Amino acid sequence: MTTRPPYIAVMLLSATALAYEILLMRLFSIIQWHHFAYMIISLALLGYGMSGTLIAIFQDRLLLRYRGLFITATLLCALGTTVCFLFAQAVPFNPEELLWDGHQIFYLLAIFLLLSLPFFLAAGVICLTFRQYGDQAPRIYAMDLLGAGLGGPAIVFLLILVFPRDALTAIGVLGVGAALVGYRELKIRDRLLLGLTVGSAVIILLLGAWGPPLRLSPYKSLVHTLRIGGTRIIEERSGPLGLLSVVESTDIPFRHAPGLSLNASVEPPPQLGVFTDGDNLTAITHFPEDLKQLAYLDGMTSALPYHLRKLKRVLILGAGGGADILQAQFHQVPQIEAVELNHQLADMLRGKFSGFAGNFTKQPGVRLHIGEARGFLAQSKERYDLIQLSLVDAFNASASGLYALNESYLYTVEALKTYISHIKPGGFLALTRWIKIPPRDILKLFVTAIKALEESGIPSPENRLILIRGWQTGTLIVKNGPFASEEIRAVENFCQARSFDLAYTPALTPEQVNRYNLLAEPYFFQGAKALLGTDREGFFDRYKFDLRPASDGRPYFHHFFKWPLLPEILHLRKKGGMPLMEWGYMVLIVTLMLAVLTSVILIILPLAFSRCDKDRSSGNVSRWRVFSYFFAIGLAFLFIEIAFLQKFILFLYHPVVSITTTLSAFLVFAGIGSQASAKLARNRPCHRIVLIAVIGIIVLALLYTFALPAFFSAFTASPVGVRAICAVFIIAPLGFFMGMPFPMALAELAEHAERLVPWAWGINGCASVISAALATLLAVHFGFRVVILCAVGLYIGAGLTFPGQQKKAG
């Protein structure tokens, strides 16, 4: 038996596991929706917890076969990354049916368990390595974290180069590579294992080449579209921000004109549909020889600001397929700037489809920027006559509440304050959203604008707002200055000509509302008046949905669910009550329930009834302290990691850059901290190192919680490279200290109670399973600051319950 642990193999295996975890988030965004990211994190950590349980119970037998099991489990993990996903996507799970189809819970549980298997195998190998080489736990943990830290950016880079389905194959091959390295590091001579390794690689490559394609939810727009005769995908491009599918329809042409007035007489020119992750339709419109053919764009609610005054300079946030740019060109705006986050969509407009689109991005007066909306404005000193943000999410997903867990920094109070600060005197901010009944989005956006004006010190916000609605969309106009009477008359004429309804103007009377798109009551007008009134908080409490404005500390604009509404939803679930439900939120709740249930059944109960801690090798170590300590740091580590991942999106702006930078920094520097703790432990007791680390975590977490906004403001105009370096330097000390508590306690157990090592691993995994969903739930209701404060309290508890050997009385 070699005395040196397989460090490199552990690092590669950890990189495989984390890359697979991130890729699953991407894959489920394609075949389902964004909110499944939280389920993926939980199921990954469920595998980690289950592995500790198994090893705690059968450790003697497993240790006798350590080297062979290391290779075998690593190969099964590599195979499982592809095979388990293929089986999981064949499960007929549909989140929209959770409330009325009891089978869906079992389908979700099946997916949960299937996808946890590769993580179970990877974690089992690493846990068994900790048990085999307990005295070197800090170094093993360091390589584990280093591998994870490298796996994050590796998969993001890979997603730039290949499609997600191909990336799945690459991850499987990386897992086989980990087995090959382990074969060498452990000095194994078994040719059968070597043959199995080569065979596993061949199977993975064959499944990658001839395996089934991704199967999208039947409720996604792309699936519906492709059922129409004459439709076909003519181009696909993939990247970390999404899978773009360009669809041509020859028999029934696209007529993408959201909320188009029913009075409109001009049809859109030929269009190509562009779907992101199978949904979120935008259109590339054929540029006509005569701009009059774009007159249909004047029949949308978003055209209102062009009828209030002559606009010379317009900024469009979220260019999409270019409809808003064409709308501005139709209204003869001389200077048009547009910002688009997804560079691949912009590349299609500039490249392959530029001829179809008339090269409009290269026409005089038009500039297309690649970047995030708030990041662009933070680095700009320009001011505009109009800033427009229109329909940046899909109608289907928005209407069904599937964006409920989507953190959006575009619609927070701070975001609107930024937009307003870049409007010229007399200029406008125009925000267009989908209409929902009962009203949610539009009213929440309305009160967010009120709050932004109030916090900006602007008096009488009621004189600076106008809200109109059509049959599908609504547009809110915020003016940098009070609306004049002639502007209000222009709004009334615009709506009358297009059969749009006035929902709020400073001079609106009850007789002028609810004329065309009739509702049982003028809900939008009533809501707007209540939100501008003196009893706003009372209206918040009485209203069926959560309308409180989103903030940068709680950026869940799309979250509207209130628990008192649940009985009514359950009663109406088979009577058309689906529009009342926020499905993303419900999936989170179900995920948390399943995480707790599976953790108890598969981790806690087996450990509780096992006898791994009741023999002499357990020493005089308190079982209660082991449980409390490892459960606390399992919750706390992910609480801090998730909260700061979200906070740094605001600083780095680009979500892919943010997640890659912050996640990698946390894991790499935690690995460095683990390695440093091993050196410190040579002449210091472990509990003292943990105490120092906990104090460091508490001080830095609290300091960052209150000081980061000022720091972000100071560097917000710096280039992205500079901000990324700053982010790494900020995270480094916090990550360094967070890497110490786990390996130090594990080393202590390895010395005094070695059989408790797998037990501790399982408890930590159990807490981690729960923490991902729980942290998100806390953030939705209370904000990220509360999540961090909870983590601080947990670390304090961990510091008080360090599981060292207890001194005997007398």
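The legends below accompany close-up views of a predicted model.

**View 1. A salt bridge joins Arg-4 to Glu-185 in the predicted model.** The closest nitrogen and oxygen atoms of Arg-4 and Glu-185 are 3.0 Å apart. Because Arg-4 belongs to the segment before α1 (7-31) while Glu-185 sits in helix α6 (residues 164-185), the pair ties together parts that are 181 residues apart in sequence. Arg-4 is partly exposed, at a relative accessible area of 42%, whereas Glu-185 is buried, at 13%.

**View 2. A positive surface patch includes Arg-67.** The patch is formed by Arg-67 together with Arg-184, Lys-187 and Arg-189. Arg-67 is placed in helix α3, which spans residues 66-90, and its relative accessible area of 30% makes the residue partly exposed.

**View 3. Asp-501 and Arg-469 meet through their side chains in a salt bridge.** The N to O distance given for this bridge is 3.7 Å. Asp-501 lies in strand β12 and Arg-469 in strand β10 (residues 465-469), so that the bridge links distant parts of the chain, 32 residues apart. Both Asp-501 and Arg-469 are buried.

**View 4. Asp-546 and Arg-554 form a salt bridge between their side chains.** Here the N to O distance is 3.0 Å. Asp-546 counts as buried because its relative accessibility is 9%, and Arg-554 likewise counts as buried, with a relative accessibility of 16%. The model holds 22 salt bridges in its count, and in another part of the figure Glu-235, Arg-237 and Lys-352 are linked in a network of such bridges.

**View 5. Phe-446 and Tyr-504 make an edge-to-face aromatic pair.** The structure holds 31 aromatic pairs. In the pair shown, the ring centres of Phe-446 and Tyr-504 are 5.6 Å apart and the ring planes stand at 70°, which means that the arrangement is edge-to-face. The pair links distant parts of the chain, with Phe-446 in helix α14 (residues 441-455) and Tyr-504 in strand β12 (residues 501-504), 58 residues apart. Phe-446 is buried, with a relative accessible area of 0%, and Tyr-504 is buried as well, with 5%.

**View 6. Phe-494 and Phe-500 make a tilted aromatic pair.** The centres of the two rings are 6.0 Å apart and the planes meet at 45°, so the pair is tilted. Phe-494 is buried at a relative accessible area of 2%, and Phe-500 is buried at 1%.

**View 7. Ring pairs build an aromatic cluster.** The residues linked into this cluster are Phe-130, Tyr-141, Tyr-629, Phe-630, Phe-742, Trp-761 and Phe-802.

Definitions and conventions:
Residues numbered from 1 in each chain as written. Predicted model: local features only at pLDDT ≥ 70, side-chain atom pairs only at ≥ 80, totals over all residues. Heavy atoms only, no water. Patch = residues over 30% accessible without salt bridge, like charges linked within 9 Å, V, L, I, M, F, W, Y side chains within 5 Å. Areas by Shrake-Rupley, 256 points an atom, 1.4 Å probe, with all protein chains shown as cover. Salt bridge = Lys/Arg side-chain N within 4 Å of Asp/Glu carboxyl O. Lys, Arg positive; Asp, Glu negative; His and termini not counted. Charge placed at Lys NZ, Arg CZ, Asp CG, Glu CD. Helix = DSSP H or I, 4+ residues; strand = E, 2+ residues; numbered from the N terminus. Buried < 20%, exposed > 50% of the residue type's maximum accessible area, 1.4 Å probe, protein only. Phe/Tyr/Trp six-rings, centres within 6.5 Å; stacked < 30°, edge-to-face > 60°.
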